[in-house]
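Biologist: Can you put the structure up? I'd like to go through the packing and the sheet.

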Amino acid sequence: MNIKDVEDFARRKGFYSVSYVGNFKGSETYKPVMKNKNASIGKPFFILVNGDKIELVTGNIGLEIVDKFFGK
């Protein structure tokens, strides 16, 4: 799956763009970006891509991703 596919997926979910985060448990991980970058949407959302599978995740998985890539 290429970046354009990921961006199209994010737009269909109401986001403006994506930013690559890294590899999380075998999935390429992207952070969806809202048009207003200062907007708060609650718990963090991420897009996971593994082969042809793409999914939007939040909740505990989102918090694990935050800990891995943005934690101390």
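Biologist: Start with Ile 47. Leaving aside neighbours within four places in sequence, which residues is Ile 47 in contact with?
Modeller: This is a predicted model. In it, Ile 47 is in contact with Val 6, Phe 9, Ala 10, Val 18, Glu 28, Thr 29, Tyr 30, Pro 32, Ile 54, Glu 55 and Leu 56, with neighbours within four places in sequence left out.

Biologist: And which residues make up the largest nonpolar core?
Modeller: There are 8 residues: Val 6, Phe 9, Ala 10, Phe 15, Val 18, Tyr 30, Ile 47 and Val 49. The most come from α1, which gives 3.

Biologist: What does the second core include?
Modeller: That core is separate and has 6 residues, among them Phe 24, Phe 46, Val 57 and Ile 65.

Biologist: Switching to the sheet. What is the strand order, and is the pairing parallel or antiparallel?
Modeller: The 4 strands form an open sheet, ordered β1-β2-β3-β4, with antiparallel pairing. The edges are β1 (17-24) and β4 (53-57), each of which pairs on one side only. From one strand to the next, the twist averages 25°.

Biologist: How many bridges between β1 and β2?
Modeller: 7 bridges, with β2 covering residues 27-33. Tyr 20 stands opposite Tyr 30 in β2.

Biologist: Where do the helices lie, starting with α1?
Modeller: Helix α1 lies across β1, β2, β3 and β4, at about 115° to β1. Helix α2 also lies across β1, β2, β3 and β4, but runs at about 80° to β1.

Biologist: Which element has the lowest mean pLDDT?
Modeller: Helix α2 (residues 59-70), at 95, while β3 has the highest at 98. The chain mean is 92, and 92% of residues reach 70 or more.

Methods:
Residues are numbered from 1 along each chain as its sequence is written. This is a predicted model: local features need pLDDT of at least 70, side-chain atom pairs count only at pLDDT 80 or more; totals for chains, interfaces and linings use all residues. Side-chain values use heavy atoms; hydrogens and water are left out. A nonpolar core is a set of buried Ala, Val, Leu, Ile, Met, Phe, Trp, Tyr and Cys residues joined through side-chain atoms within 4.5 Å. Buried means under 20% relative accessible area, exposed over 50%, partly exposed in between (1.4 Å probe, protein chains only). Helices (H or I, at least four residues) and strands (E, at least two) are DSSP runs, numbered from the N terminus. Contact means heavy atoms within 4.5 Å. pLDDT is the predictor's confidence in each residue, from 0 to 100. Two strands pair if DSSP finds at least two bridges between them. Axes are lines fitted to C-alpha atoms, for helices over the stretch in contact, and angles run from 0 to 180 degrees between N-to-C directions.
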